Amino acid sequence: MPTFDLYTTDPGDPHWQVPATGAARFAWEYDDGRDRLLALYQKGKDKQWDGQKRIDWSLEVDPYDALGTPDEAMSLYGTPYWDKLSERDKGELRRHYASWQFSQFLHGEQGAMICAARIVESVPDLDAKFYSATQTMDEARHAEIYGRFLHEKIGMLYPIND
């Protein structure tokens, strides 16, 4: 199902255009005298994980209590409004809270991925590009996981907060 069908409200234009300035920097030095950064790069490659394989997506998740949130953790708990809610309404509130929270994480991870990618293009040496590319990949995995969780387990997304 397309993401736009799952948004609680119209997110507006499907693409944000963010003007960016700065020059992409190429490095033409490819020698192997770069042990410290290359060790970090290697560590990043070795420690990569695959969200398709690492997470058991077959586990059932109750979209109306995806996080197992106790009543006391809900911001309305203890108010007259909470007391008026039926159990069904409380479940719907939990679903919306989880959807809102994970949606904001998802949008933030996309922003982090874009920022990390900009670092790759702007750092001056190849080793720093290698290492920052692993961060870009890590942010991509985060966005992948939050997006999949929202699509498959919650079935609802919120647009990015103002």
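The side chains of Arg-118 and Glu-121 meet in a salt bridge, 2.3 Å from N to O. A salt bridge here is a side-chain nitrogen of Lys or Arg within 4 Å of a carboxyl oxygen of Asp or Glu. The model is predicted: local features need pLDDT of at least 70, side-chain atom pairs count only at pLDDT 80 or more, and totals for chains, interfaces and linings use all residues. Residues are numbered from 1 along each chain as its sequence is written, and side-chain values use heavy atoms, with hydrogens and water left out.

**Salt bridges**

Arg-118 and Glu-121 sit 3 residues apart in helix H4, so about one helical turn separates them. Helices (H or I, at least four residues) and strands (E, at least two) are DSSP runs, numbered from the N terminus. Arg-118 is partly exposed, at 30% relative accessible area. Glu-121 is partly exposed too, with a value of 30%. The cut-offs are these: buried is under 20% relative accessible area, exposed is over 50%, and partly exposed lies in between (1.4 Å probe, protein chains only).

The structure holds 7 salt bridges. Three of them are listed here.

| Salt bridge | N to O distance |
|---|---|
| Arg-118 and Glu-121 | 2.3 Å |
| Glu-152 and Arg-148 | 2.9 Å |
| Asp-65 and Arg-94 | 3.6 Å |

Glu-152 and Arg-148 both belong to helix H5, 4 residues apart, about one turn of the helix. Glu-152 is partly exposed at 46%, and Arg-148 is partly exposed at 21%.

Asp-65 and Arg-94 form a salt bridge that links distant parts of the chain, 29 residues apart. Asp-65 is in the loop between helix H2 (51-54) and helix H3 (80-84), while Arg-94 is in helix H4. Asp-65 is partly exposed at 28%; Arg-94 counts as buried at 10%. Asp-71 joins Asp-65 and Arg-94 in a network of salt bridges.

**Nonpolar core**

Which residues of the largest nonpolar core touch the most other members? They are Phe-102, Leu-106, Phe-149, Leu-150, Ile-154 and Leu-157, out of 14 residues in that core. A nonpolar core is a set of buried Ala, Val, Leu, Ile, Met, Phe, Trp, Tyr and Cys residues joined through side-chain atoms within 4.5 Å. Helix H4 (87-122) and helix H5 (126-154) are the elements that give two or more residues to this core. H5 supplies the largest share, 5 residues.

Leu-106 touches Ala-143, Tyr-146, Gly-147, Leu-150 and Leu-157, leaving aside residues up to four places away in sequence. Contact means heavy atoms within 4.5 Å.

**Aromatic pairs**

The whole structure has 5 aromatic pairs. One of them is Phe-102 with Phe-105: ring centres 6.1 Å apart and planes at 70 degrees, so the pair is edge-to-face. Rings of Phe, Tyr and Trp (its six-membered ring) pair if their centres lie within 6.5 Å; planes under 30 degrees apart count as stacked, over 60 as edge-to-face and the rest as tilted. Phe-102 and Phe-105 both lie in helix H4, 3 residues apart. Phe-102 counts as buried at 14%, whereas Phe-105 is partly exposed at 38%.

Phe-102 also pairs with Tyr-146, in a tilted arrangement with 5.7 Å between centres and 45 degrees between planes. Phe-102 lies in helix H4 and Tyr-146 in helix H5, so this pair ties together parts 44 residues apart in sequence. Tyr-146 is partly exposed at 22%. Phe-102, Phe-105, Tyr-146 and Phe-149 form one aromatic cluster.
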